[in-house]
Amino acid sequence: MPTDTDIFESLRQELRRGTLILAVLAQLKVERYGYSLRQALAEVGLEIDEGALYPMLRRLEGQGLLTSEWREEEKRKKRFYRLSTEGEAVLERLAAEWRAINDTLQNLI
Amino acid sequence: MDLLDRYLAAVAALLPKAQREDIVAELRDLLLNRIEEKEEALGRPLTDKEREAVLKDFGHPLAVAGRYGPQQSLIGPTLYPFYVFALKIALAVAAAISVIPAVAAIVLGAGNPARLLANAAFDQFPSSALMLAGLVTLVAAGIERGWVPLTGLTEWKVSDLPVSSKKKGLFETRFNAVFEMVVVALFILWWTGLWKVDLGDLTVKGAVVLKPSAVWQTLFWPILAWSAVQLVLALVTLVQPGRVRLRAAFELAVGAGGMALTTVMWKSLPLFTLEPVTASGADTTRLEQVIGMGFHVAMLVAGITFACQIGAAAWRLYKGAR
């Protein structure tokens, strides 16, 4: 039998899932590699599990929203991600959608 | 090979070949970053145990590799309710095909009832249920991945849903279909001789012998074909009870076939003749008259039933087509 905490945690995860994609896309207006992206998100208060972040980056790249390239930095090869032109357009539309949802919810809760 | 290499090799073995090198290189960088972050916090290099803890914390190689797979679940949330429903039907079918033959064998006195029922419950049912559940799971996984095309889940109409009735719910419709399927299947097995049932020499109290007339030989294939159509109708009702017009078309075929068979049988009465063994000629004739009258009544009832079935099916076909 799930407890109230379990139910809350599962709903919280569900609520966060979509917004994290928006946050990742927004952070990748500037080129970053996975680890630095996670740190940037953490700095603004959005903790994301790396196990979920890296596959998400690949999915977004597969959908054409991100571009990536391998480069050496700090004596190690790193994969840098950045928003593609298509990604920029999608981010703009998603951001507008987010603002609309946010405005509506502000009136409800 | 250090722990990190071993860990990454285990993940790599589970990744698609085309992306393996790329993903592993990225994971290596990520894990080294994690280790360095910890070392920075502690102000010293990590021990082997601490490095192992970092890797363990990242997740089991199966789980890590699984996150990169295109498919995260065997059966997704959209298909899941249909899958559970199909599983329930599979279990009902498994129960029916296990229990009905056992009950039939008990009725025919073909074995020890307790043993037959125990065999059905602990041998037949588990194996049939597992086999059918496995099959349903395989088909559902195939649909989920698009290997098995299925338009029924998207191309459906509200007007095609079964008519709601307080007397007869959807569960009852399906239960009847399962029952009908099993009974018709057993009949076909018996009719074709694949299931041998010893009916003795068809004597009535040893006084007269029942002899089937030649019409049964003539009607062997028509009756087999008619039963096969009935089996398909039961299957359609079980799998897609919402296909009202398809079911009505099959019901029309079954009704028309039944009417044709009844007409031929009516014209060929008597269907059985009696040969006296110990009974007198007068008693045999009287018994023949009684049996003949019984068959006349049965044929009439069958004819009326089939006529009603044809009328109802034709109406549903017309109404459903509108």
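**Figure 1. Helix H5 of chain B, from end to end.** In this predicted model, H5(B) covers residues 80-107, which makes 28 residues. From its first C-alpha to its last it reaches 40 Å, close to the 40 Å expected at 1.5 Å a residue. If you want the buried residues of H5(B), look for Ala90(B), Ala94(B), Ile97(B), Ser98(B), Pro101(B) and Ala102(B). As a reminder, an α-helix has 3.6 residues a turn, so residues three or four places apart point the same way.

**Figure 2. Helix H6 of chain B and its kink.** H6(B) takes in residues 113-144, 32 residues in total. Its first and last C-alpha atoms lie 44 Å apart, close to the 46 Å expected at 1.5 Å a residue. Where does the kink sit? Look at Gln124(B), where H6(B) has a kink of about 35 degrees, shortly before the proline Pro126(B).

**Figure 3. The open sheet of chain A.** Three strands line up here in the order E1-E3-E2, with antiparallel pairing. The edges belong to E1 (32-33) and E2 (66-73), and each has a single partner strand, so one side of each has no neighbour in the sheet. E1(A) is joined to E3(A), residues 76-83, by two bridges, and the two strands run antiparallel. To find your way along this pair, start with Arg32(A), which stands opposite Tyr81(A) in E3(A). Tyr33(A) has Phe80(A) of E3(A) as its bridge partner.

Figure 4. One residue pair to pick out is Glu72(A) with its bridge partner in E3(A), Lys77(A).

**Figure 5. Where chain A touches chain B.** Each chain puts 11 residues into this contact. On the chain A side, H2 (34-43), H3 (50-62) and E3 each supply at least two residues. Which of these elements gives the most? That would be H3(A), with five residues. Sorted by class, this side of chain A has six charged, three nonpolar and two polar residues.

**Figure 6. The largest nonpolar core.** There are 22 residues in this core, and it has members from both chains. Touching the most other members are Leu25(A), Leu28(A), Leu57(A), Leu66(A) and Tyr81(A), along with Val11(B) and Leu27(B). From chain A, H1 (4-27), H2, H3 and E3 each give two or more residues, and from chain B so do H1 (3-12), H2 (17-42) and H4 (61-67). Apart from this core lies another, of 12 residues, including Ala94(B), Ala177(B), Phe250(B) and Val254(B). Ala94(B) also turns up among the buried residues of H5(B). In soluble globular proteins, nonpolar side chains tend to be buried together.

**Figure 7. Val11 and Pro61 of chain B.** Setting aside neighbours within four places in sequence, Val11(B) is in contact with Val24(B), Leu27(B), Pro61(B), Val64(B) and Ala65(B). Pro61(B) is part of helix H4 of chain B. Leaving out residues up to four places away in sequence, Pro61(B) touches Tyr7(B), Ala10(B), Val11(B) and Leu14(B). Pro61(B) and Leu14(B) are 47 residues apart along the chain, yet 7.9 Å separates their C-alpha atoms. Why does Pro61(B) count as partly exposed? Because it has 19 C-beta neighbours inside 10 Å, whereas a buried residue needs 20 or more.

**Figure 8. Both chains, for orientation.** Chain A has four helices and three strands, running α-β-α-α-β-β-α from the N terminus. Chain B has 11 helices and three strands, in the order α-α-α-α-α-α-α-β-β-α-α-α-β-α from its N terminus. Buried residues come to 19% of the 109 residues in chain A and 14% of the 322 residues in chain B. Among contacts with a separation of 6 or more, residues 24 or more positions apart account for 42% in chain A and 73% in chain B.

Definitions and conventions. Residues are numbered from 1 along each chain as its sequence is written. Chains are lettered from A and ligands numbered from 1 in the order in which they are written. This is a predicted model: local features need pLDDT of at least 70, side-chain atom pairs count only at pLDDT 80 or more; totals for chains, interfaces and linings use all residues. Two strands pair if DSSP finds at least two bridges between them. Two residues are in contact if their C-beta atoms, placed from the backbone, lie within 7 Å. The expected span of a helix is 1.5 Å times one less than its number of residues. Ala, Val, Leu, Ile, Met, Phe, Trp, Tyr, Cys and Pro count as nonpolar, Asp, Glu, Lys and Arg as charged, and the others, Gly among them, as polar. A nonpolar core is a set of buried Ala, Val, Leu, Ile, Met, Phe, Trp, Tyr and Cys residues joined through C-beta atoms within 7 Å. The bend at a residue is the angle between axes fitted to the seven residues ending there and the seven starting there.
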